[in-house]
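Trainee: Before I use this model, I would like to go through the terms applied to it and see what each one rests on.

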Amino acid sequence: MDNIVLEGTSNFISAIWAEATAGLNNGKVYVASTGTGAALSIIDLNTKTLYDRYTKDLKGRSNDKLIQEDIEDISA
Amino acid sequence: MTYYSGSLLVLDNIDLINIIDYNYVKPVPSDDVGDCTNYYMWRSDRKFEWVDHESIGWGACEQEHLNQVCIDDSYVYTATSMGVDIIDVYTNNKVSYVDSIVEVSSVWASEERLYIGTAGEGIKYIDKVTISGNEVLPIDLEEYVCNYSFQYSIDCEFVKYIHGSGETLSVVTYSGINILNNTDSIGYKSSYTSTDVTKCFMTSKNELYYIEQGEINGVFKMKSTLCDWTSPNILYTSGSSFLPGSLGVNDIFVTESTSSNTVDNTLFVATSSGAYILDEGTANFDVYYT
């Protein structure tokens with residue numbers, strides 16, 4: 001199934017990380033895109049919706065923004 | 001070096017530089033600028049201008065380039081072009097570092113060690129019990145850095161990526177993959193030759209997933225580290241699996257026994273066009289886009 005929920009405008013996904021118990025329909029996945037329009041999107045896989053997001057302009061739940069758009073890696 | 005008093009500078013015919021403020025003093029080694037040494041700069045009354053030279057790039061200092069991060073309960077470990085930084089996860093401050101290793105390509109932390117992959121010096125490691133320091137006085141851990149030099153070692157000193165399980169390492173180098181176990185008397189080495197491997201992921205059961213980007217693009221899985229590399233157990237190739245054709249694979253992550261059948265794994269794939277999630281037990285998958 002296609003889910004058009006990621007934040008930003010870049011579909012070039014440079015890094016991905018998931019909770020240890022995450023599966024296709026449960027848990028959370030962290031998805032980082034890179035380049036212009038990059039974002040860090042955190043997806044709730046239960047509802048397949050955006051749980052949290054960070055861009056250069058948008059602050060997420062931790063009240064932070066991305067410093068740059070060239071995201072290399074994620075670890076959480 | 002040839003220069004004019006106007007707004008243009010020709011530097012040994014290498015670069016043409018526009019100097020906004022030409023009221024410079026003279027080119028001097030920038031020994032007095034923080035940690036930036038051996039860089040030449042034009043210094044004006046009002047601001048610094050940096051000289052572009054064939055061996056020196058623009059910028060106030062040589063910029064660190066971040067290659068990879070990993071995390072445990074205490075620290076974030078960063079692999080950078082200028083070494084390793086270790087950051088306290090609670091304070092977000094750097095507490096220790098290693099800057100004697102040039103071009104760290106990858107880091108991976110087991111329970112006891114931080115393994116450091118380098119571009120040219122193979123693998124090194126630090127015992128995690130030696131990590132200390134604070135943000136006021138970050139500690140240089142150079143004296144605790146050891147070479148990974150055991151009975152079984154990597155085939156190529158240029159490391160692209162490290163992952164592992166326990167003290168079993170999976171190392172992607174410029175020549176392929178080496179699986180290394182040097183524990184006690186049961187050590188072994190398993191190798192795959194390919195210049196197209198970019199990353200790997202090893203589960204706690206020593207299943208190995210790896211990315212190839214070349215003649216064949218995709219994710220491959222070996223159910224055991226002692227295996228027939230010519231015949232991967234599972235192939236998820238672009239164009240003949242859940243991954244469409246012409247898709248680049250950038251990163252993978254695996255969660256174990258998270259399939260709806262509670263036995264198999266879930267594979268998370270970062271691609272050049274969206275994020276793919278595959279339940280390996282049912283073969284169902286989802287794609288996430290903007």
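Predicted model: local features only at pLDDT ≥ 70, side-chain atom pairs only at ≥ 80, totals over all residues.

Mentor: Residues are numbered from 1 along each chain as its sequence is written, chains are lettered from A and ligands numbered from 1 in the order in which they are written, and side-chain values use heavy atoms, with hydrogens and water left out.

Trainee: What is the mean pLDDT of chain A?

Mentor: pLDDT is the predictor's confidence in each residue, from 0 to 100. Chain A has a mean of 88, and 99% of its residues reach 70 or more. Within chain A, strand β1 (residues 2-4) has the lowest confidence, at a mean of 89, and strand β4 (residues 40-44) the highest, at 94.

Trainee: Which helices and strands does chain A have?

Mentor: Helices (H or I, at least four residues) and strands (E, at least two) are DSSP runs, numbered from the N terminus. By that rule chain A has 0 helices and 5 strands, and its pattern along the sequence is β-β-β-β-β.

Trainee: How does the radius of gyration of chain A agree with a compact globule?

Mentor: The radius is taken over C-alpha atoms, and the globule rule is 2.2 Å times the number of residues to the power 0.38. For 76 residues a compact globule would have a value near 11 Å; chain A has 12 Å, so the two agree. The C-alpha trace of chain A spans about 30 × 25 × 20 Å along its principal axes.

Trainee: Why is B:V254 called buried?

Mentor: Buried means under 20% relative accessible area, exposed over 50%, and partly exposed in between (1.4 Å probe, protein chains only). B:V254 has a relative accessible area of 5%, so it is buried. B:V254 lies in strand β24 (residues 249-255) of chain B. Contact means heavy atoms within 4.5 Å; leaving out residues up to four places away in sequence, B:V254 touches B:F201, B:T203, B:Y209, B:N265, B:T266 and B:L267.

Trainee: What makes β16 and β19 of chain B stand at the edges?

Mentor: Two strands pair if DSSP finds at least two bridges between them. The open sheet has 4 strands in the order β16-β17-β18-β19 (chain B), with antiparallel pairing. β16 (159-165) and β19 (188-193) of chain B each have a single partner strand, so one side of each has no neighbour in the sheet.

Trainee: How many bridges join β16(B) and β17(B)?

Mentor: β16(B) and β17 (residues 168-173) of chain B pair in the antiparallel sense over 6 bridges. B:V159 stands opposite B:T173 in β17(B).
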